[in-house]
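Visitor: Could you walk me through a structure and show me how to read its features?
Guide: Gladly; let us look at it together.

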Amino acid sequence: MLNRKVATVMTSLAAAAPTLAYESTYNLPVGATDVSARVYGLHMMMFWVCIAIAIVVFGVMIYSIVKFRRSKGAVADQTLLHSTKVEIVWTLIPVLILIATAIPAARTLIVMEDTRNSELSIKVTGYQWKWHYEYIGKGVNFYSSLAADSNEARQLKSGIDPHGVKDYLLNVDNPVVVPVNTKIRVLLTGNDVIHSWWVPDFAVKKDAIPGFINEAWFKSNKVGRFTGQCTELCGRDHGFMPIVVEVRSKEDFAKWLADKQAAAKAATSGEVAPTATAMTTPAAATTAAL
Amino acid sequence: MAHADTHALHAADHHDDHKPHGIGRWLFATNHKDIGTMYMVFALIMFFIGGAMAMVIRLELFKPGMQFVDPGFYNSLVTSHALVMIFGAVMPAFVGLANWMIPLQIGAPDMALPRMNNYSFWILPFAFTLLLSSFFTAGGGPAGGWTLYPPLSLQAGDSFPLTIFAIHMMGASSIMGAINVIVTIMNMRAPGMTLLKLPLFCWTWLITAYLLIAVMPVLAGAVTMLLTDHYFGTSFFNPAGGGDPVMFQHIFWFFGHPEVYILILPAFGIVSEIIPTFSRKPLFGYDAMVYATASIAFLSFIVWAHHMFTVGMPLAGQMFFMMSTMLIAVPTGVKVFNWTTTMWKGSLSFEPPMLFALAFLFLFTIGGFSGLMLAIAPADYQYQDTYFVVAHFHYVLVPGAVFAIMAGVYYWLPKWTGHMYSMTLAKWHFWVSTISVNVLFFPQHFLGLAGMPRRIPDYNVQFTDWNMVSSIGGFVFGLSQLLFVAVIIQSARGGPKATAKVWDAEPLGLEWTVPSPAPYHSFSDAPEVH
């Protein structure tokens with residue numbers, strides 16, 4: 001009961017100050033989805049729990065350091081060897097705190113893993129070093145690589161000031177476009193080595209592993225441009241395969257999709273669309289069953 | 001000649017103190033103190049080699065844009081920095097301390113298996129020569145991260161077999177060292193020293209040694225499978241052949257998580273020796289400390305997959321590993337509370353070992369807090385593989401493990417050399433290190449939360465400020481370690497004579513009953529323990 005209350009308070013606290021934490025250079029984003037707000041709430045809840053414990057523990061340490069100095073004539077109390085009562089108390093209190101924090105965490109985890117009833121599925125394939133996106137059943141697929149101006153500036157001793165480059169290292173040639181307020185299922189796999197697809201504003205991070213198909217989902221409440229990066233070391237240019245997701249209104253998305261489909265039809269008459277060769281292993285099937 | 005004569009006289013006076021001469025003393029060393037010294041010197045050299053790599057990393061990250069190194073070489077630096085620091089600096093330093101102190105603390109003349117002790121040390125220079133020479137092979141050094149995840153690690157060039165064999169050798173060395181520790185503690189304790197009278201440094205090392213024996217073969221198995229996948233056409237981890245790349249991660253972290261505790265349990269032991277001495281009061285809750293250490297060791301075997309929440313485990317698996325990981329906070333908390341209560345109503349003084357132990361207490365606890373946050377699986381999705389994780393494990397390893405090693409060195413150095421060192425210089429080392437280590441690692445929490453992934457050589461301009469701060473902290477921290485070397489050299493060369501007790505306190509433990517420097521063969525007659 002108390003946990004739910006704490007979680008609610010934290011989540012509303014998080015929701016009350018979205019502008020403060022948004023685009024922060026020192027904290028997680030509240031993000032654009034209900035899940036990302038919940039994760040932010042959990043993060044802040046754990047942060048305050050740690051701060052509370054720190055105040056007590058560090059308080060006692062600092063008090064001891066100040067108060068029980070030999071230079072101030074402190075004499076050691078040699079009888080203070082152990083106390084079963086105190087030891088039981090400081091074992092039990094952490095257990096209770098942990099149970100109280102584990103419950104909201106478990107609830108959020110269950111929501112994050114529920115990929116049912118999605119309205120659009122996008123297959124994401126990690127390559128060294130770019131992403132490939134396939135809108136399943138829509139006949140649209142494309143590669144997404146680091147934007148040319150960033151790529152030029154990031155060459156060793158290029159002499160180009162990154163401050164002058166638009167969204168340096170967080171910009172791509174072909175962003176993923178998705179509709180707002182729509183549950184999007186992301187299917188992830190890797191073509192060569194393991195990559196990891198991370199968009200902080202959606203609180204989605206899942207590994208793209210050769211031979212596996214992993215699942216994640218997000219439902220953005222906001223229209224806008226959201227960026228992320230590969231978060232599993234994948235070789236030389238691991239730092240240079242960003243992710244850009246553009247969330248548009250449903251109408252704008254439909255228009256974008258229609259344009260893409262028309263372009264794809266015109267371009268691929270007679271040509272086979274590239275498909276990533278990924279097998280579904282039993283482990284991936286287990287994940288899918290959940 | 002004169003030197004030899006004095007030595008002969010000296011040897012005649014104290015027959016037990018006879019030392020072999022020249023290079024042979026070190027090459028064929030079987031004396032626990034000589035081997036301990038070699039381990040410590042080796043660890044210090046590796047600390048500087050790994051540190052130099054970190055300096056290049058921080059230099060490249062000082063501002064956005066690629067200024068100094070190629071991204072591939074950057075990845076080699078990241079990989080080797082980790083391998084060198086873990087297997088070359090922290091672990092050998094702990095083995096060195098174990099060699100020096102365990103016989104002294106349990107009242108034994110030497111380690112139980114002196115010749116194996118020699119092998120276990122002398123393997124290491126060869127292992128690290130292999131590892132570091134891989135930088136000069138086609139394709140450069142190992143660049144797949146110290147975790148060696150396939151398929152990426154299988155893309156390596158000629159560095160690959162060198163890295164694998166180096167890891168095999170390090171593992172063999174660790175296992176031999178661990179066997180020696182167990183046999184020594186189990187068989188050579190002074191009469192009357194029951195297990196629950198064992199000094200905590202010995203206790204934590206005993207448990208660490210069991211962890212080493214349990215998990216080093218697992219690592220050896222994992223890297224051998226990588227080797228056969230690469231050269232002999234097997235498909236353990238190759239999905240195209242029916243293998244499973246995630247299985248490697250499970251095997252690796254089944255080694256890797258206990259390994260994390262291998263790097264911290266002896267540190268707990270050192271701190272548990274130092275805090276009571278300078279609080280002038282016995283350790284609070286000795287039995288609880290022993291049981292907490294054993295609990296942490298047990299838990300370390302059932303939490304491994306919290307390193308891999310994002311690989312797509314089933315919900316039930318994620319739940320289990322989240323809850324089991326959170327449980328670790330309980331015994332760790334008990335330890336922190338016991339150290340704190342040891343200081344309560346004590347009579348504290350702040351010599352360099354105590355200063356480092358106190359910094360350990362505060363800063364390791366900060367690392368523990370971020371560890372608790374990382375345990376929360378949904379939040380870990382945001383933290384995983386970002387600088388938040390980098391900040392977390394550097395807090396537990398640098399002001400955690402490394403500071404504890406420094407505390408131990410400052411505590412026992414006069415016992416080893418027979419000379420006191422300059423307290424002023426050591427305090428300078430302490431203050432500069434402690435301030436700079438926080439400037440170095442604290443901002444990395446912010447970087448990770450704001451969205452900077454780890455293991456990247458370049459970043460968006462929004463991350464510039466904290467990276468600059470962190471780099472400046474890094475350079476100061478790196479330079480301040482020269483003070484540490486200065487103190488050690490000074491104490492080895494001479495200085496005021498240290499008494500048997502060394503400190504202006506009543507330190508408990510048999511090591512303080514022998515003169516400083518400790519005699520070459522620690523205890524010829526076993527002392528009685530009551």
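Guide: Let us begin with the interface: between chain A and chain B about 8100 Å² is buried, and carbon and sulfur atoms give 69% of that. Buried area here is the accessible area (1.4 Å probe) that two parts lose on being put together, summed over both. In chain A, the residues that lose the most area to chain B are A:R70, A:W90 and A:L233, together 9% of what that side buries. Before going on, note that this is a predicted model, in which local features need pLDDT of at least 70, side-chain atom pairs count only at pLDDT 80 or more, and totals for chains, interfaces and linings use all residues. Residues are numbered from 1 along each chain as its sequence is written, chains are lettered from A and ligands numbered from 1 in the order in which they are written, and side-chain values use heavy atoms, with hydrogens and water left out.

Visitor: How many residues does the contact take from chain A and from chain B?
Guide: Chain A gives 90 residues and chain B gives 96 residues, where contact means heavy atoms within 4.5 Å.

Visitor: How should I read salt bridges, and how many are there between chain A and chain B?
Guide: Side chains of opposite charge can pair when their charged atoms come close. The criterion is a side-chain nitrogen of Lys or Arg within 4 Å of a carboxyl oxygen of Asp or Glu. Between chain A and chain B the count is 2, and over all chains the structure holds 13 salt bridges. In one salt bridge, the side chains of B:D70 and A:R236 meet at 2.5 Å, N to O.

Visitor: Which residue forms a salt bridge with A:K206?
Guide: That is A:E113, with the closest N and O atoms 3.5 Å apart. The pair links distant parts of the chain, 93 residues apart: A:K206 is in strand β7 (residues 204-208) of chain A, and A:E113 is in the loop between α4 (84-112) and β1 (120-127) of chain A. Helices (H or I, at least four residues) and strands (E, at least two) are DSSP runs, numbered from the N terminus.

Visitor: What describes two packed helices?
Guide: The angle between their axes and the distance between the axes. Axes are lines fitted to C-alpha atoms, for helices over the stretch in contact, and angles run from 0 to 180 degrees between N-to-C directions. In chain B, helix α3 (residues 32-60) and helix α17 (residues 464-493) pack at about 160 degrees, their axes 10 Å apart. That makes α3(B) roughly antiparallel to α17(B), the label for angles over 145 degrees. Among the residues making the contact are B:F47 and B:F48 of α3(B) and B:G474 and B:F475 of α17(B). By class, the residues of this contact of α3(B) with α17(B) are 10 nonpolar, 6 polar and 1 charged. Ala, Val, Leu, Ile, Met, Phe, Trp, Tyr, Cys and Pro count as nonpolar, Asp, Glu, Lys and Arg as charged, and the others, Gly among them, as polar.

Visitor: At what angle do helix α4 and helix α5 of chain B cross?
Guide: Helix α4 (residues 71-106) and helix α5 (residues 114-133) of chain B cross at roughly 165 degrees, with axes that come within 12 Å. α4(B) and α5(B) are therefore roughly antiparallel to each other. The contact of α4(B) with α5(B) has 8 nonpolar, 3 polar and no charged residues.

Visitor: Which residues does a cis peptide bond join?
Guide: One such bond joins A:Q128 and A:W129, with omega about 0 degrees. A:W129 lies in the loop between β1 and β2 (130-135) of chain A.

Conventions: Angles under 35 degrees count as roughly parallel, over 145 as roughly antiparallel, 65 to 115 as roughly perpendicular and the rest as oblique.
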